[in-house]
Structures are given as structure tokens and as C-alpha cells.
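Thanks for making the time this morning. I would like to walk you through one model, so please have a look at it on the screen before I go on.

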Amino acid sequence: MIAKRLFATMVSSLLLFNTVSMTAFAEVALPDGAVKGLPERLTAMDSDGNVVSSDTGEYFFHVENMQYGTTYTKDVQLMNLRDDKAYHIYFYVEPLFKNGEIDLEKGCECTFWLDGQEFYKGTVTGEGNFDLTKEVYDCGLYNPGDSHTLKCSVIWNDLDVLVGVDNGHRLIDINGEHVLVGSQDSGYVEGEIEFKWIFYAAVDENYDPPKTGLLGVNNTFWIICIAVLAVLTGGMLLLVFFKKREKQKEKMHGKPDET
Amino acid sequence: MKHKSIFAILLLMLGIGGYCGYRYYRDDVLPEKIIDETHDEQIKLFERVKPETGEKPLSNEETNDPLKPAEEVNDAVVGWITIEGTHIDFPICQAQDNDFYLHNGFDGRYNNELGCPFLDYRCESDFSGFNSIVYGHHMTRQRMFADIALFKDTAYLQSHRKGTLTLNDGVHNVDFFAYMNVKNTAPAYHAVFVSDSEKEEYIDYIFSDAVYILNYSADDLKRNDDLHLLLLSTCTYEFTDARGILIGIIE
């Protein structure tokens, strides 16, 4: 019969939904000035039109009945639609739960790209080239109108997680490759995983540059006024003085003629 | 008749001159006098609470916390900055905003707008953050942070490179290496750093926009995993909203 190349049939879906209060495990402390969630008109939206909750910054990535070898991707567009301020957007990952016989947390590989540039490869729970559950990732500075694409792909590519699973499935070798065959060829195992991304923005909305200006008054206006007036007054006095001297000279020159 | 007109004009000018003299006294001389007196009082207070770190042996309490005498006056004090050979020898306070210590003195009381040097409210109060921004007024007669503007001259920095920052845990040397002349809204005043890449961008920004840099390369700073920058900022007047920032490394 058909030896299924790894574990078979599957309905797989990536469900994105916003729900309230899931258990949070991450220990990321947001820095001062950073606000969990995204401010108004700072938007994160996936290709299906699902948006990140602006209050909490939560975006849920839920995978049910994952099919071995299939890549599930999601593109999230991060946009600053404001026209007044620039923001840094950050995110980190919180694992929520795993369910079923297969430990998909270990069996799946997760990759993140920002604008096509890969920056993370590791487990869906955030343990990879760096720990996304403890270290936040800087998605960059978003000036008004800026937009960047955060892409995530998840693939179940590790068969070791089947070791110990006892529900009628078995691993067989076909042409040197491990292939999972289900009981009565059904090929189903139950596996489900969910993790969420937490977005937040660092804002300096309250920052008002202190005015440390010169207080000890360097005001030269009144001094200039006094100087101008002094020059004018001096000029007038000189004028009067010269006029007076001129008159005296005229008088002196006029005297001999008179005598 | 002519003499009378001239006499009247002269009288008028003398009157206007008298008014200008009065305004000069009221607007310039008197405030300067008041600030002068306030400044003298403040300096006396500073001398009383200054951490005694070098000249005489510290008592046990002071050894544990050199800022203790200052904290007895104001528990909002977070440090004490000194740059040898300059007038900069001040306590640093921190409030919930960047406004309070613009108008109030070290004792928390209004002091005729002389203010008191203060740490940006967004910065870690123990100066453990990536950068710590301290503001102070640029006053006449080289009071408060006026000396910061002198650092625009490379030679001045070369002769005043070393400073000390006294914190609760002891005295830290500060190696000043750069001066920036920027607008008050410049990225230099960014105080929230989350990722390493953001810190590296900030270092690159300093190196690209500084008036000059001494002794360090950007790579030197990037390689330092435990880098803590100290920025001393005051108003300068090269252009509207100009600021002078002296940058050092807390060792």
C-alpha cells in the first residue's frame, strides 16, 4: 500500500485568533518607556486581515493536526500609520501549550524573517539562535508611513519526537528514509501547539526636552538703548557746542568791522 | 525758542535714558544679583553635603554610602558629578519628570530658576543603564553646567578628560571622550534601549554626529559589553534649541 512519506493526512490549519488571557510563561521585563501593545495607528496585520491586539500586543499562532513536512507560513505587516511620531517595534514569544502525543514543541522548526532577512531559527517556543522568550527582537524603527514584513514559517521536520509514541503508529524504512505509518493506514496522531507573539512599542511620548537655557540673563537690549541714547545726547550736545562756537567766532570776526 | 526745543529734546532723551537704566536694573542687574545670592547659598549647601571621597578618611557610614550626607538633605539625590579643574562639582537629583529640578534647588525648594543638575527620569537611577543623561542650566559667570559649553574646544577636553561620578556604591571614574552640538530633539536624548543593535546604532550615531571624538573608535565601544555612557547636557546658543552634550564612559 501506499507507504506514506511520513506521517500522513492532515488537515492543517493555521488559526489565528484573539482570545483573552492565556497563561503566560515569559519573563521578559519591558524596559522603561516601552508600552506593551501597540499605540493607536501602529498596526500589525497578517495577510488574512487579522490584527494584533493593540491593548496587549498579542498575536496567536495556533497549529492543529500538523502535517509532517508541510511548511506553514504567516506574513505580518508592521506599519506606522501615524504622521507624528517614530516608534521602535519589538516582539518576543510566549509558549502557551502543547497537546497530544507528539511533542511538537521539539519536533517543529520555526524561522522568522524581517523583510526577507532571516533572524531566528529554532523551536516554536523561542529557543533557537537566541532565546526569543527572554530576549526581545527589535523589528526596527518605524518612521511615519514606514512598513516592514515579519514572516514566520513553522515546519514539523523531526521524527525523533515520535519515539515512545504508542498509538499504533510505527516508523518504517523505505528507501533508507524513515516513514511514519499509522494504524490501519490511518496515519493520524493528535498534536496541537500554540504560541503567541507579543508586540510592543517603545515610545517617548512623555519626553519633553528640558529647557536648560541661560537664566542669568544675558539681555543686552537695555544697555544698547542706553548706549544709543548716550550717543544721540552726546551728538546733540556737540552740535550745540559747535554751533555756539561758530557764533562766537562770527562775533569775534565781526568786531573789527564795527569799530 | 530754539534753545528751548533743544533743552526739551535733551530732557526727553534723559528721561528715556533713565527709564532704560531702570529696566536694565530691574531685568538684568537685580535678577543677576538674586541668582548670585541663591547660587552662593546653594554652593554652601553643596560644600556641606559633598561626599568626602579623597581628602579625609570616610566614616563607616560614608564608606557604605558616600551620598549619605546629601541624602539627609534630599533623598532624591542619585549621584555627584565632579570634573576637576572646572566648576562642575554638583549633586545629581532625579524626579518623576524632567521639569522639577529645572526650577527647584537641591533642597527641593524653589531657587529662582537656578535649578539643580538632574538625571533624566527615564534613566536608571543607579546609572546602570546604557546611557544616563544629566541636565543642568547654562548660567552666566560659568555657573551650573555652563562649563559644558567649553568642551566644544578639543583642547579643553584634552585637559579635563577625567571626572568622577559618586554613587551609592562608591566613586566611579568617568572618561570623557566626545562632545556633541545638537538640537534638543536629537536622537542623542534617546534613553530606552532594548536590543544590542539599537545600542550599536546609537554608538554609530554619536560617532557620526559628534563635534569630535577622542581616543575611542566605535568598535571599541561596541565591543564593551558593559558600556555605561554618561551624557552631561546643557543649552548652548549656536542655533535655536541648541544643546551641548559632553559624553563620557562610566568606569
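I will speak about the interface, then about a sheet in chain A, and finally about one glycine in chain B.

Please keep in mind throughout that this is a predicted model. Starting with the interface, 41 residues of chain B are in contact with 31 residues of chain A. On the chain B side, helix H1 (2–49), helix H6 (196–209) and strand E8 (229–235) each supply at least two of the residues that touch chain A, and the largest share, 15 residues, comes from H1(B).

Turning to chain A, we find an open sheet of 5 strands, in the order E3-E5-E10-E7-E8, with antiparallel pairing. Strand E3 (42–46) and strand E8 (117–122) of chain A stand at the edges and have a single partner strand each, so one side of each is left without a neighbour in the sheet. On average, and ignoring direction, neighbouring strands here are turned by 20° against each other. Between strand E7 (residues 108–114) of chain A and E8(A), which run antiparallel, there are 5 bridges, and A:Cys110 stands opposite A:Gly122 in E8(A).

Leaving aside residues up to four places away in sequence, B:Gly244 touches several residues, among them B:Ile148, B:Tyr179 and B:Thr234. B:Leu232, 12 residues away from B:Gly244 in sequence, lies 8.1 Å from it in space, C-alpha to C-alpha.

Terms used
Residues numbered from 1 in each chain as written. Chains lettered and ligands numbered in written order. Predicted model: local features only at pLDDT ≥ 70, side-chain atom pairs only at ≥ 80, totals over all residues. Contact = placed C-beta atoms within 7 Å. Helix = DSSP H or I, 4+ residues; strand = E, 2+ residues; numbered from the N terminus. Pairing = 2+ DSSP bridges. Axes fitted to C-alpha atoms, helices over the stretch in contact; angles between N-to-C directions.
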